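Reader: I am new to this structure and would like to go through it step by step. Please show it first.

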Amino acid sequence: MKVDKKYKGLVTKKFNEFYLVELKKDDNSELKKNFLCKIKKSVNFRNQFVFVGDEVIVYQIDLQSKRATIESLVKRTNLLERPSVANISNIYIICSVEEPKLNLSQVNKFLISAERMGVEVSLVLTKCDLITEQKRLLLIDKFQQWGYRVITLNLNKPDDLKNLLIELKKKKCSIFMGPSGVGKTTLLNMIIPGLDNTTAPVSNKIKRGKNTTRNVELFSLSSKSYIVDTPGFNMQTLAIDIRELPNLYPEIYKQLVNEGINCKFRNCLHVNDQGCKLNKNFERYTFYKEMIESSKSHYCLIQGD
Ligand SMILES: Nc1nc2c(ncn2[C@@H]2O[C@H](COP(=O)(O)OP(=O)(O)O)[C@@H](O)[C@H]2O)c(=O)[nH]1
Ligand SMILES: [Mg+2]
Ligand SMILES: [Zn+2]
């Protein structure tokens with residue numbers, strides 16, 4: 001049976017020239033399924049320009065074979081590279097407090113690369129079963145001062161995971177990012193029922209080589225909420241225009257926006273600039289300054305691992 005109408009859908013998976021598209025049609029349960037789609041041949045956007053997370057308009061819907069055709073792409077709000085995912089609403093930077101040890105410079109880099117996406121960024125500290133309660137509270141305080149919401153996870157405390165899940169179900173599309181070995185796969189396996197990705201002790205990570213090839217996929221957590229499952233993701237090397245850097249540190253941009261701090265020059269880099277009024281008394285200022293000062297040109301590099 002063919003449906004002679006167009007519907008909006010969400011691309012949840014992509015393989016070669018095929019797209020798995022979940023149609024968004026609340027009034028027709030027949031249409032609330034996944035359809036295997038190809039892109040209309042004579043379209044003016046090319047195959048590689050549709051990504052997981054994109055909203056598309058489909059037509060030529062066949063209910064029997066569960067196939068349809070993608071006619072066009074709905075304007076996306078953002079596009080993450082490597083892995084390519086569109087329309088992310090929340091980035092969760094995942095870092096472990098031990099095994100591997102917390103590395104502040106690395107946390108800083110992950111946060112900056114996430115801030116570039118212009119979406120809500122939160123920090124998740126895993127493996128809190130390996131530190132004292134006192135240490136955990138100190139870490140929460142530290143990262144709150146960096147300007148972030150901090151979620152701590154202790155595998156022996158089921159409520160930690162339950163609360164994270166409640167939160168994720170309220171977000172449109174979340175993604176976990178962070179260094180290798182911090183427990184991202186372990187978390188996803190607990191969050192997505194039926195997902196059985198392989199996890200590996202930190203010491204085996206390098207020996208085992210890179211992750212097996214898997215495609216990026218969106219999993220539904222509630223009727224309006226998704227989470228991205230990616231083949232292990234590590235930060236890429238980024239070239240950032242140093243003029244953009246002040247906007248990537250909450251400690252800085254909150255002063256400029258909320259507190260109305262006005263430096264003498266609009267393009268103040270807040271280092272040795274004349275007439276700078278920024279309060280530099282915050283922990284990450286050293287990282288910030290190093291980045292500005294180490295950049296030989298207008299760009300500074302955020303090196304991936
Ligand atoms: N102690 C402790 N170990 C954990 C926790 N979460 C994951 N691990 C272990 O950390 C290792 C790496 O986990 P994995 O999920 O593969 O990390 P990923 O590289 O970020 O995907 C595995 O041996 C896990 O069993 C945790 O909360 N506490
Ligand atoms: Mg993993
Ligand atoms: Zn300044």
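Reader: Which residues coordinate the zinc ion (ligand 3)?
Author: Donors are N, O and S atoms within 2.8 Å of the metal (3.2 Å for Na, K and Ca), and water is not among the atoms, so sites may look incomplete. Along the chain, the donors of the zinc ion (ligand 3) follow the spacing C-x4-C-x1-H-x5-C. At 2.0 to 2.4 Å, the coordinating residues are C263 (SG), C268 (SG), H270 (ND1) and C276 (SG).

Reader: What do the numbers and letters rest on, and what kind of model is it?
Author: Residues are numbered from 1 along each chain as its sequence is written, while chains are lettered from A and ligands numbered from 1 in the order in which they are written. Side-chain values use heavy atoms, without hydrogens and water, and local features need pLDDT of at least 70, side-chain atom pairs count only at pLDDT 80 or more, and totals for chains, interfaces and linings use all residues, since this is a predicted model.

Reader: What is the geometry of the site of the zinc ion (ligand 3)?
Author: Four donors count as tetrahedral if all angles lie between 85 and 135 degrees. The angles among the 4 donor atoms here are 104 to 113 degrees. The site is therefore tetrahedral.

Reader: Is H270 buried or exposed?
Author: Buried means under 20% relative accessible area, exposed over 50%, and partly exposed in between (1.4 Å probe, protein chains only). The relative accessible area of H270 is 3%. H270 is therefore buried.

Reader: Which residues is C276 in contact with, leaving aside its neighbours within four places in sequence?
Author: C276 lies in the loop between α6 and α7; helices (H or I, at least four residues) and strands (E, at least two) are DSSP runs, numbered from the N terminus. Its C-alpha atom is separated by 6.1 Å from that of K264, 12 residues apart along the chain. Contact means heavy atoms within 4.5 Å, and the residues in contact with C276 are C263, C268 and H270.

Reader: How many residues apart in sequence are the parts that K8 and E55 tie together?
Author: The side chains of K8 and E55 meet in a salt bridge (3.9 Å, N to O), that is, a side-chain nitrogen of Lys or Arg within 4 Å of a carboxyl oxygen of Asp or Glu. K8 is partly exposed at 37% relative accessible area, whereas E55 is buried at 17%. Because K8 lies in strand β2 (residues 7–15) and E55 in strand β5 (residues 55–62), the parts tied together are apart in sequence by 47 residues.

Reader: Which residue forms a salt bridge with E251?
Author: E251 is in helix α6 (residues 250–257), and the partner is in the loop between α6 and α7 (285–294), 33 residues apart. Both residues of the pair are buried. With the closest N and O atoms 2.8 Å apart, the partner is R284.

Reader: How many salt bridges does a search of the whole structure find?
Author: Another pair is R243 with D241, whose closest N and O atoms are 2.7 Å apart. D241 is buried, with a relative accessible area of 15%. For the whole structure, the search finds 15.

Reader: How are α3 and α4 placed relative to each other?
Author: Axes are lines fitted to C-alpha atoms, for helices over the stretch in contact, and angles run from 0 to 180 degrees between N-to-C directions. The axes of α3 (residues 158–168) and α4 (residues 184–191) come within 11 Å and cross at roughly 75 degrees. The contact is made by L161, L164, L165 and L168 of α3 and L187, M190 and I191 of α4. Since 65 to 115 degrees counts as roughly perpendicular, α3 and α4 are roughly perpendicular.

Technical notes: Tetrahedral: all angles 85-135°; square planar, octahedral: opposite > 155°, others 65-115°. Parallel < 35°, antiparallel > 145°, perpendicular 65-115°, else oblique.
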